[in-house]
Amino acid sequence: MQTEEIKLTADQLLMRSQGIIESTLLISDMRERANIFTGIMMQARELGIEQQIYDIAQQTAREFGEPELWELPQSFEKEVALQPFPINSLPNPLSDYLKAVCDFVQVDSSMVALPILSILSLCLQDKAIVAYPANAHTESINLYTLTIAPPGERKSGVFKALRHKLFCHILKLRWRPQQT
């Protein structure tokens with residue numbers, strides 16, 4: 001079935017939505033149904049009436065004894081313009097270290113920044129506690145990050161370079177002579 005895109009005003013879409021949804025529910029192909037519903041919801045978003053149209057659609061589906069209407073999933077393959085990590089927001093020794101690791105492993109600063117922040121979080125884990133003022137709930141500070149990149153993007157090289165300094169520091173602390 002070919003669909004023709006017709007631009008409606010918000011009032012027109014609200015007035016016609018139940019009829020459009022009823023026509024959509026007559027389509028037996030669930031993928032085609034989802035495709036049409038996706039188009040309806042995209043237009044509703046543009047007009048600022050997304051929730052109203054969604055509610056009308058789901059109510060109409062229940063009245064027809066049909067399952068909930070779903071939009072087609074959005075692809076994750078979209079190109080996203082990433083902002084560079086603000087290296088200057090870090091203290092000088094840390095930003096210098098970040099730049100050195102980037103140069104050594106030959107990666108972008110964003111590949112190194114989050115693991116560095118995670119390591120700092122680990123180092124500060126038992127040094128500070130965050131308390132919620134409304135009750136007695138407390139948490140130690142933690143930062144969980146995830147570095148996602150395709151294979152061969154040098155994630156392991158970054159982690160190895162950062163772990164080395166951390167492990168050296170841990171060994172130095174562990175083997176420090178006890179002061180009495």
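Student: Which residues is Ser121 in contact with, leaving aside its neighbours within four places in sequence?

Tutor: Contact means heavy atoms within 4.5 Å. By that test, Ser121 meets Ile141, Asn142 and Leu143. This is a predicted model, in which local features need pLDDT of at least 70 and side-chain atom pairs count only at pLDDT 80 or more, while totals for chains, interfaces and linings use all residues. Residues are numbered from 1 along each chain as its sequence is written, and side-chain values use heavy atoms, with hydrogens and water left out.

Student: Where is Ser121 placed, and is it buried or exposed?

Tutor: Ser121 sits in helix H5. Helices (H or I, at least four residues) and strands (E, at least two) are DSSP runs, numbered from the N terminus. Buried means under 20% relative accessible area, exposed over 50%, and partly exposed in between (1.4 Å probe, protein chains only). Ser121 has 11% relative accessibility, so it counts as buried.

Student: Is Gln43 buried or exposed?

Tutor: Gln43 is buried, at a relative accessible area of 12%. It lies in helix H2. Beyond residues up to four places away in sequence, Gln43 touches Ile6, Lys7, Leu8 and Leu13.

Student: How do I read the packing of H2 and H3?

Tutor: Two packed helices are described by the angle between their axes and the distance between the axes. Axes are lines fitted to C-alpha atoms, for helices over the stretch in contact, and angles run from 0 to 180 degrees between N-to-C directions. Here, the axes of H2 (residues 30-47) and H3 (residues 50-63) come within 8 Å and cross at roughly 150 degrees. That makes H2 roughly antiparallel to H3. The classes are under 35 degrees for roughly parallel, over 145 for roughly antiparallel, 65 to 115 for roughly perpendicular, and oblique for the rest.

Student: Which residues in H2 and H3 meet?

Tutor: On the H2 side they are Phe37, Ile40, Met41, Ala44 and Arg45. On the H3 side they are Glu50, Ile53, Tyr54, Ala57 and Gln58. By class, this contact has 7 nonpolar, 1 polar and 2 charged residues. Ala, Val, Leu, Ile, Met, Phe, Trp, Tyr, Cys and Pro count as nonpolar; Asp, Glu, Lys and Arg count as charged; the others, Gly among them, count as polar.

Student: What is phi like in Gln106 and Arg154?

Tutor: Most residues other than glycine have a negative phi. Gln106 has a positive value, near 65 degrees. Its place is the loop between H4 (92-105) and H5 (109-124). Gln106 is exposed, with a relative accessible area of 56%. In Arg154, phi is positive too, at about 75 degrees. Arg154 is in the loop between strand E2 (138-140) and helix H6 (155-174). It is partly exposed, with a relative accessible area of 43%.

Student: Where is Phe85 found?

Tutor: Phe85 is in the loop between H3 and H4. At 21% relative accessibility, it counts as partly exposed. Leaving aside neighbours within four places in sequence, Phe85 contacts Leu90, Ser109, Ser110, Ala113 and Leu117. Phe85 and Asp55 are 30 residues apart in sequence and 40 Å apart in space, C-alpha to C-alpha.
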